[in-house]
Amino acid sequence: MMKVRDLMTTNVASLQSREPLSAAAQRMWECDCGAIPVTEEGSSRVIGMITDRDICMATWTKNRPPSAIELAEVISRELYFCAPEDALSTAGNLMRQKQVRRIPVLDENRNLVGILSLADIASYSQPLEPRTFGSEIAPSDLAATLANICHPRAPLSSTV
């Protein structure tokens with residue numbers, strides 16, 4: 001059975017909660033990624049995630065430059081994560097249910113050990129040559145995950 005550790009990226013950028021949004025944007029640019037785990041100040045314990053969309057929306061809604069907004073003010077603290085020993089299918093199901101494209105991989109103390117992205121799963125699920133999937137994530141499951149992640153969420157508040 002394929003485990004998360006078999007596909008996760010281990011050289012993961014992270015940021016501390018007191019850093020400004022501008023540092024997150026710069027790191028995303030340098031690492032060519034759209035999300036970065038955020039750790040407690042002075043620790044490697046993950047407390048949230050920041051995405052490129054979070055940066056844009058925070059800058060717009062707070063009407064302040066990214067250099068004037070701390071990550072702690074805007075990170076997503078509802079953290080969905082997995083462990084390196086989790087089955088790949090379990091992680092895929094979590095991503096599908098929670099509509100997230102990336103999840104941090106954490107040890108038992110919530111320290112960052114990697115990140116698993118939908119792109120990692122897609123790359124594995126779409127081999128250059130035919131491969132037997134067995135009990136791994138089937139292409140139909142990958143398609144279902146992508147479709148669910150891309151489905152618009154219900155608005156937080158409605159105005160009529």
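Tutor: Isoleucine 103 is in contact (heavy atoms within 4.5 Å) with Tyr80, Phe81, Cys82, Ala91, Leu94, Met95, Ile115 and Leu116, leaving aside its neighbours within four places in sequence. This is a predicted model, in which local features need pLDDT of at least 70, side-chain atom pairs count only at pLDDT 80 or more, and totals for chains, interfaces and linings use all residues. Residues are numbered from 1 along each chain as its sequence is written, and side-chain values use heavy atoms, with hydrogens and water left out.

Ile103 belongs to the largest nonpolar core, which has 16 residues. A nonpolar core is a set of buried Ala, Val, Leu, Ile, Met, Phe, Trp, Tyr and Cys residues joined through side-chain atoms within 4.5 Å; buried means under 20% relative accessible area, exposed over 50%, and partly exposed in between (1.4 Å probe, protein chains only). Val4, Leu88, Ile103 and Leu116 have the most contacts inside this core. At least two of its residues come from each of α1 (4-7), α5 (88-98), β4 (102-106) and α6 (118-125), where helices (H or I, at least four residues) and strands (E, at least two) are DSSP runs numbered from the N terminus. The most, four residues, come from α5. A second, separate core has 14 residues, including Leu15, Val38, Leu71 and Val74. In soluble globular proteins, nonpolar side chains tend to be buried together.

Serine 17 sits in the loop between β1 (15-16) and α2 (21-31). Its relative accessible area is 8%, so serine 17 counts as buried. Not counting residues up to four places away in sequence, serine 17 touches Val38, Thr39, Glu40, Glu41, Ile47, Glu70, Leu71 and Ala72. Two of these, Val38 and Leu71, are also among the residues of the second core.

The cysteines remain. A search of the whole structure finds zero disulfides, a disulfide being a pair of cysteine sulfur atoms within 2.5 Å. For cysteine 33, the closest cysteine sulfur is that of cysteine 31, at 5.1 Å, and this is too far for a bond. Cysteine 33 is partly exposed because its relative accessibility is 27%, whereas cysteine 56, at 53%, counts as exposed.
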